[in-house]
Amino acid sequence: MSLPLPRKIELLAPAANAEIAMEAILHGADAVYIGATSHGARKNAANSIEDIKRVVDFAHPFGARVYVTVNTIIFDNELKKVEKLTWELYRTGVDALIVQDMAMLSLELPPIALHASTQCDTRTPEKARFLQDVGFSQIVLARELTLSEIHGIYDKVSVPIECFIHGALCVSYSGRCHASQAVLGRSANRGECAQICRLPFDLKDSSGKTYAEGKHLLSLKDFNTSSSLESLLKAGASSLKIEGRLKDATYVKNVVAAYRQRLDAIISRHPDKYERASFGYSEITFNPQLDKSFNRGFTTYFLDSRQPQKISSPLTPKSMGEAITDIRSLNNGDGISFFNKNGEYEGVMVNGIKDGKIIGNRPFVISKGSEIHRTLDNKWQKTLSRPTATRKMWVDISITPEALLAEDERGVKACIPIGHTAEPAKTPQDYVKTLGKLGNSRYYLRNFSATGCDRMFYPASVLTDARRRLIEALDKAWLARYPYDYRNEELKDVLYPTDKLDYRDNVANRLAEEFYRRHGVTEIERAIEVTTKGNTTQDNSIAPEGRLVMTTRHCILRETGMCSKRNPEGYKKISFPLSLTSGKISFHLKFNCRRCEMEVWNPRK
């Protein structure tokens with residue numbers, strides 16, 4: 001299966017709030033995703049219905065879409081609340097809901113499009129096809145997939161697939177991380193992730209041998225596919241998603257602008273294959289540079305290889321910023337970071353450069369040969385704190401003795417009467433001077449023509465009013481024909497890829513359970529958020545081995561050079577099991593070398 005050509009390519013940006021959402025659109029996003037008042041997977045990025053309506057009103061004239069995250073698991077006593085929320089969002093005009101809980105398919109919802117969240121953990125063609133067949137209009141794939149795996153899914157579905165392209169990486173398969181819930185009672189599937197994976201751990205084997213001490217062994221570098229975009233498009237990705245609903249406006253501006261430039265270059269080279277998913281050209285006043293925004297170092301993760309090297313950031317989970325090779329590029333007020341002689345990541349504010357040395361806001365020592373990273377570029381931050389982009393669509397305008405006519409980039413046409421009798425003129429009137437003043441509107445004049453009125457005069461006030469009414473007519477005509485996507489039908493006879501579900505499948509309410517049963521699932525274990533605390537099973541007995549809290553393609557053995565396939569001799573010397581300890585938190589590790597996966601278990605208490 002495939003989508004029609006040229007395929008619409010969507011650059012999808014995160015938004016913590018309405019202001020950031022609008023900045024994302026100004027800087028070139030084709031769509032934004034934003035949290036509502038509740039049930040978003042980032043609890044600290046909630047927004048009012050009124051603010052979401054503001055974003056919709058700003059985005060839709062450009063054909064940009066607004067997706068709202070309602071992607072936590074839902075408890076039985078919350079189903080009516082979520083149903084009500086959905087109707088409120090529908091009335092604002094949002095384009096789709098991003099959801100995880102299959103109960104959403106059984107609620108009395110408006111005909112709004114549903115997107116399958118990355119929390120659905122879609123890694124196979126079978127799972128993707130099932131989600132399409134039960135009514136999802138777009139499917140967010142797991143972050144861990146290779147280009148080949150993405151293409152394999154693309155071949156089996158006829159709805160757009162969405163892939164992450166930039167930002168922080170979860171170490172566990174999304175939707176299947178229960179570490180925060182098991183250890184602290186804070187569920188990642190309820191928007192309360194405690195980021196256990198960013199902690200420093202000691203790594204030991206069963207004999208007590210220490211392999212690493214105080215290292216951030218589960219903390220991954222940040223995703224960066226800026227050099228792989230064309231390969232992703234070839235693999236079938238149609239929606240390209242930037243992570244970061246907790247990031248600030250400067251981050252979103254920079255990253256969106258950087259990817260917009262790269263995508264536009266690809267689309268211009270292949271107009272027969274790809275086209276923009278929205279309208280308008282963004283003119284920005286700075287040079288986008290990805291390493292100036294928060295990052296833990298970059299990785300392409302598993303895109304190119306099932307066994308990548310150095311994808312973690314074991315020395316620190318903090319931002320690495322940009323590498324500095326010449327300290328003369330530093331400015332007063334910059335923040336720099338480096339590893340001191342004890343291997344600790346240390347930060348200093350720059351007060352100046354004197355005699356070839358950095359003067360900081362406190363005493364510090366940088367060891368010879370140490371790398372220096374600028375984690376705060378003061379001038380850059382000041383630049384991006386100001387307005388840095390405009391976005392406009394072209395419009396062609398023509399004038400006749402009776403009317404103004406226009407056609408814009410969206411294919412919308414409008415005609416309005418001038419409403420004033422022209423006066424004879426000895427010389428041609430400069431209509432462009434007045435009609436081309438589109439100023440603060442969303443348009444710029446591309447072409448102008450005058451037919452039959454070369455020797456006719458209209459007062460500037462008349463033309464200004466006609467121009468205003470013409471632009472209003474264009475906007476009204478577009479919004480009247482705005483291409484909403486609607487909820488697809490759920491095919492009742494399709495079977496879920498497996499007939500058994502356990503706690504990792506996050507069934508938290510009766511409607512989700514009914515959904516899976518009507519699609520052939522016979523055994524269902526409820527989510528741990530609603531049945532247990534800690535390591536107890538559904539019947540409150542103690543699980544023999546504790547609780548499997550993460551499954552990941554990141555492998556500590558591979559990262560530390562002890563992979564069974566690459567270093568079989570080193571692997572044989574390990575006294576299994578390996579354990580990770582951080583203060584009172586302890587996990588033990590299991591390795592499925594055949595599948596190249598690592599399991600993180602919370603031991604039995």
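User: What is the average pLDDT?
Analyst: The protein averages 93, and 97% of the residues score at least 70. pLDDT is the predictor's confidence in each residue, from 0 to 100.

User: Which stretch has pLDDT below 50?
Analyst: Residues 533-542 do. In the model this stretch has 25 contacts beyond near neighbours in sequence, where contact means heavy atoms within 4.5 Å. Where pLDDT is low, the predicted coordinates should not be read in detail.

User: Helices next. At what angle do α1 and α2 cross?
Analyst: Roughly 15°, and the axes of α1 (residues 18-26) and α2 come within 9 Å. Axes are lines fitted to C-alpha atoms, for helices over the stretch in contact, and angles run from 0 to 180 degrees between N-to-C directions. Helices (H or I, at least four residues) and strands (E, at least two) are DSSP runs, numbered from the N terminus.

User: What does that angle make them?
Analyst: It makes α1 roughly parallel to α2. Angles under 35 degrees count as roughly parallel, over 145 as roughly antiparallel, 65 to 115 as roughly perpendicular and the rest as oblique.

User: Is that crossing left-handed or right-handed?
Analyst: The crossing of α1 and α2 is right-handed. A crossing is right-handed if the near helix is turned clockwise from the far one by less than a right angle, and left-handed if anticlockwise.

User: Which residues meet there?
Analyst: A18, E19, A21, M22, I25 and L26 in α1 meet D51, R54, V55, F58 and A59 in α2. By class, that contact has eight nonpolar, no polar and three charged residues. Ala, Val, Leu, Ile, Met, Phe, Trp, Tyr, Cys and Pro count as nonpolar, Asp, Glu, Lys and Arg as charged, and the others, Gly among them, as polar.

User: How do α1 and α8 pack?
Analyst: At about 20°, with the axes of α1 and α8 (residues 249-269) 9 Å apart. They are therefore roughly parallel to each other. The contact is made by I20, E23 and A24 of α1 and A249, V252, K253 and V256 of α8.

User: Now sheets. What is the strand order in the five-stranded one?
Analyst: The open sheet runs β15-β19-β16-β17-β18, with antiparallel pairing. Two strands pair if DSSP finds at least two bridges between them. β15 (322-324) and β18 (357-360) stand at the edges with a single partner strand each, so one side of each has no neighbour in the sheet.

User: How many bridges do β16 and β17 have?
Analyst: Five bridges link β16 (residues 335-339) and β17 (residues 345-354) in the antiparallel sense. Y345 in β17 is the bridge partner of F339.

User: What order does the six-stranded sheet have?
Analyst: That open sheet is ordered β9-β8-β29-β30-β31-β28, with antiparallel pairing. Its edge strands are β9 (210-215) and β28 (547-552), each pairing on one side only. The twist averages 20° from one strand to the next.

Technical notes:
Residues numbered from 1 in each chain as written. Predicted model: local features only at pLDDT ≥ 70, side-chain atom pairs only at ≥ 80, totals over all residues. Heavy atoms only, no water.
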